[in-house]
Amino acid sequence: QKELGSTEDIYLASRKVKELSVIDGRRAQNCIILLSKLKLSNEEIRQAILKMDEQEDLAKDMLEQLLKFIPEKSDIDLLEEHKHEIERMARADRFLYEMSRIDHYQQRLQALFFKKKFQERLAEAKPKVEAILLASRELIRSKRLRQMLEVVLAIGNFMNKGQRGGAYGFRVASLNKIADTKSSIDRNISLLHYLIMILEKHFPDILNMPSELQHLPEAAKVNLAELEKEVGNLRRGLRAVEVELEYQKRQAREPNDKFVPVMSDFITVSSFSFSELEDQLNEARDKFSKALMHFGEQDSKMQPDEFFGIFDTFLQAFSEARQDLEAMRRRKEEEERRARMEAMLKEQRERERWQRQRKAHAGSALEEGGEFDDLVSALRSGEVFDKDLCKLKRSRKRSGSQALEVTRERAISRLNY
């Protein structure tokens with residue numbers, strides 16, 4: 001015990017000696033981790049696979065992980081050599097051994113995984129096919145888009161007059177150069193802004209063009225090569241299930257083996273759904289080719305994401321330019337409103353200043369007018385004459401006394417002389 005350690009260490013060491021493992025250590029460890037997440041015994045996993053997981057015990061992500069631990073031929077050969085020691089096998093080894101006893105275990109597991117993922121993969125592919133089909137139809141049928149392109153061509157011919165004017169058309173790839181052509185006076189204004197101003201003034205109905213092209217954004221995200229690859233994978237997956245189904249029909253089945261009835265029903269339903277998808281994809285390819293031809297790009301090798309992306313980018317720039325113009329108009333209206341308010345305030349201040357001056361002048365005139373009114377009133381009543389008469393009498397008396405004194409002084413002077 002002193003050499004080996006505690007009792008627990010001795011137990012673990014003896015257990016390691018008893019367990020038999022022929023699987024690679026890293027692979028065995030990962031397999032044990034997966035089994036611990038499944039929380040099912042080997043027999044429960046085996047029954048779930050035979051019954052095509054009618055109890056929904058195996059989630060899609062767990063099935064995907066199980067596919068990584070398919071017993072390889074080298075594993076099976078080693079495990080077969082020690083099958084008489086099955087009780088000593090480690091957890092991962094015993095799991096792989098028991099799964100290898102299921103006839104066509106890998107094909108069954110792949111078929112079950114394909115069945116569980118089929119509707120999800122179909123649901124991912126179908127909107128992409130529909131987007132190409134609908135966007136192609138919209139581009140071909142849109143009258144407003146055609147009218148807008150006519151206006152663009154007319155503007156281009158006018159700008160290139162004398163040089164390259166008189167063109168009958170232009171490549172759709174050059175459509176987005178409109179937004180890059182800036183005004184020489186105001187760099188914030190582009191040819192696209194000018195185009196929208198023309199449309200607003202003369203062709204306002206064309207401004208509703210985006211409403212006719214609602215599926216462009218989705219179609220611009222579709223890579224046709226990847227879509228065709230995914231549809232091809234679905235086709236091969238269905239074919240593989242059909243081949244396995246034919247094989248299982250020829251084999252003696254265990255009582256709980258439900259592969260044949262379950263997968264027969266699946267093939268019937270899924271084949272019909274997939275056939276619809278293929279037909280729709282063929283129609284989408286045809287409509288896309290017609291759309292390329294409609295816009296003079298029949299010789300082009302453009303993919304849907306590139307072709308639809310040109311129009312989608314233009315529509316986004318078109319919408320942003322309209323918002324820019326609306327913002328410019330609001331700013332201009334705000335500046336005009338502010339200028340009007342300032343003019344009104346200035347006029348009001350001038351009026352108030354004039355009124356104050358007028359009141360000041362009126363006050364001084366009122367004082368002068370009051371004295372004048374008093375004089376007129378005195379004239380009418382005669383008081384002014386009484387006052388003046390008294391003043392005149394007092395003045396005459398003063399004048400008489402002064403004259404008398406002067407006479408006396410003169411008389412005295414004469415006498416003294």
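**Stop 1: helix H3**

Select helix H3 (42-50) and look at what its buried residues pack against: H2, H6, H7 and helix H12 (259-294). Buried means under 20% relative accessible area, exposed over 50%, and partly exposed in between, with a 1.4 Å probe and protein chains only. Helices are DSSP runs of H or I with at least four residues, strands are runs of E with at least two, and both are numbered from the N terminus. Seven of the nine residues of H3 are buried, so the rest of the structure largely encloses this helix. Colour them: Asn42, Ile45, Arg46, Gln47, Ala48, Ile49 and Leu50.

This is a predicted model; local features need pLDDT of at least 70, side-chain atom pairs count only at pLDDT 80 or more, and totals for chains, interfaces and linings use all residues. Residues are numbered from 1 along each chain as its sequence is written, and side-chain values use heavy atoms, with hydrogens and water left out.

**Stop 2**

Most residues other than glycine have a negative phi.

- Methionine 52 follows H3 and has a positive phi, near 55 degrees.
- Lysine 39 sits in the loop between helix H2 (25-38) and H3. Its phi is positive, near 55 degrees. Lysine 39 is exposed, at 71% relative accessibility.
- Histidine 104 sits in the loop between helix H6 (91-100) and H7. Its phi is positive too, at about 55 degrees. Histidine 104 is partly exposed, at 25% relative accessibility.

**Stop 3: glutamine 248**

Stay with histidine 104 and pick one of its contacts, glutamine 248. Contact means heavy atoms within 4.5 Å. Glutamine 248 lies in helix H11 (residues 224-249). Is glutamine 248 buried or exposed? It is buried, with a relative accessible area of 1%. Leave aside neighbours within four places in sequence, and glutamine 248 contacts Asp103, His104, Arg108, Arg253, Asp257, Phe259 and Val260.

**Stop 4: the whole chain**

Zoom out and switch to cartoon. The protein has 14 helices and zero strands. Of its 417 residues, 33% are buried. Take the contacts between residues at least 6 apart in sequence: 78% of them join residues at least 24 apart.

**Stop 5: the nonpolar core**

Next, the largest nonpolar core. Such a core is a set of buried Ala, Val, Leu, Ile, Met, Phe, Trp, Tyr and Cys residues joined through side-chain atoms within 4.5 Å. Which of its 96 residues touch the most other members? Select Met148, Phe307 and Phe308. H7 gives the most to this core, with 15 residues. The core also draws at least three residues from each of domain 1 (25-102) and domain 2 (129-304); the domain bounds come from an automatic or database domain assignment.

Centre on methionine 148. Not counting residues up to four places away in sequence, methionine 148 touches Leu195, Leu199, Ile206, Met209 and Phe314.

Move to leucine 145, in helix H8. Leucine 145 is buried, with a relative accessible area of 2%. It touches Leu139, Met209, Glu212, Leu213, Phe295 and Phe311, again not counting residues up to four places away. Draw a distance from leucine 145 to phenylalanine 311: their C-alpha atoms are separated by 10.0 Å, and the two residues are 166 residues apart along the chain.

**Stop 6: the largest pocket**

Show the surface. A pocket is found on a 1 Å grid over the protein atoms alone, as an open set of points where a 1.4 Å probe fits, with protein on both sides within 12 Å along at least five of seven lines; lining residues have an atom within 4 Å of a point.

The largest pocket has a volume of about 480 Å³, where volume is the space filled by probe spheres set on the points, and points are joined across faces, edges and corners. Of its 18 lining residues, the closest to the centre are Val152, Gly156, Asn160, Phe170 and Ser174. Helix H8 (143-159) and helix H9 (191-202) are the elements that give two or more residues to this lining. The largest share, six residues, comes from H8.

**Stop 7: the second largest pocket**

Finish at the second largest pocket, with a volume of about 270 Å³. Select Arg146, Leu149, Phe170, His294 and Phe295, the closest to its centre of the 15 lining residues. Helix H7 (105-141) and H8 each give two or more residues to the lining. Which element gives the most? H8 does, with five residues.
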